[in-house]
Amino acid sequence: AAPGMPASKHTTAILQEMGLHRDDFSSRMLDHEMLKAATHVFAMSSHHAAAIEEEFPEHAGKVYLVSEFAADDNLRGKDVSDPFGQGRAAYEETLHDLKKMLPSILAYIDQTWKNPGP
């Protein structure tokens, strides 16, 4: 997505149905400041992860594939399809996969994140 783009209509509708509202969302380009502040970076595809690591090699150690820790063997290590430009069913399928992956991502973050304190 180009910088400044709002979330797609399907994303917005699905989030609203889940009780989440992100009307203020707009896309941004990844930059050094965002990566410097991040403890973990999760990419949807291996292509995206490789591009981040190539452009920002000093942050490569915190880049992971979103499916890297999936408990489901059928999802682990797989790229998550980008539903952009497709129908609502593609967005729902992506959400379904992400819901399966998020618990193990959160567990990994909990195990590895170090609070820098005050």
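## Fold and model

The chain contains four helices and two strands, elements taken as DSSP runs (helices H or I, at least four residues; strands E, at least two) and numbered from the N terminus. Their order from the N terminus is α-α-β-α-β-α.

This is a predicted model, in which local features need pLDDT of at least 70 and side-chain atom pairs count only at pLDDT 80 or more, while totals for chains, interfaces and linings use all residues. Residues are numbered from 1 along each chain as its sequence is written, and side-chain values use heavy atoms, with hydrogens and water left out.

## Dimensions and surface

The C-alpha trace spans about 40 × 35 × 30 Å along its principal axes. The accessible surface of the chain is about 8200 Å², with 56% belonging to carbon and sulfur atoms; areas come from the Shrake-Rupley method with a 1.4 Å probe. Of the 118 residues, 26% count as buried (under 20% relative accessible area, 1.4 Å probe, protein chains only).

Among contacts (heavy atoms within 4.5 Å) with a separation of 6 or more, 50% involve residues 24 or more positions apart.

## Packing of helices 1 and 4

Helix 1 (residues 9-17) packs against helix 4 (residues 88-112) at an angle of about 55 degrees, their axes being 10 Å apart. Axes are lines fitted to C-alpha atoms, for helices over the stretch in contact, and angles run from 0 to 180 degrees between N-to-C directions.

The contact is formed by H10, T11, A13, I14 and E17 of helix 1 with R88, Y91, E92 and L95 of helix 4.

Notes. Buried < 20%, exposed > 50% of the residue type's maximum accessible area, 1.4 Å probe, protein only.
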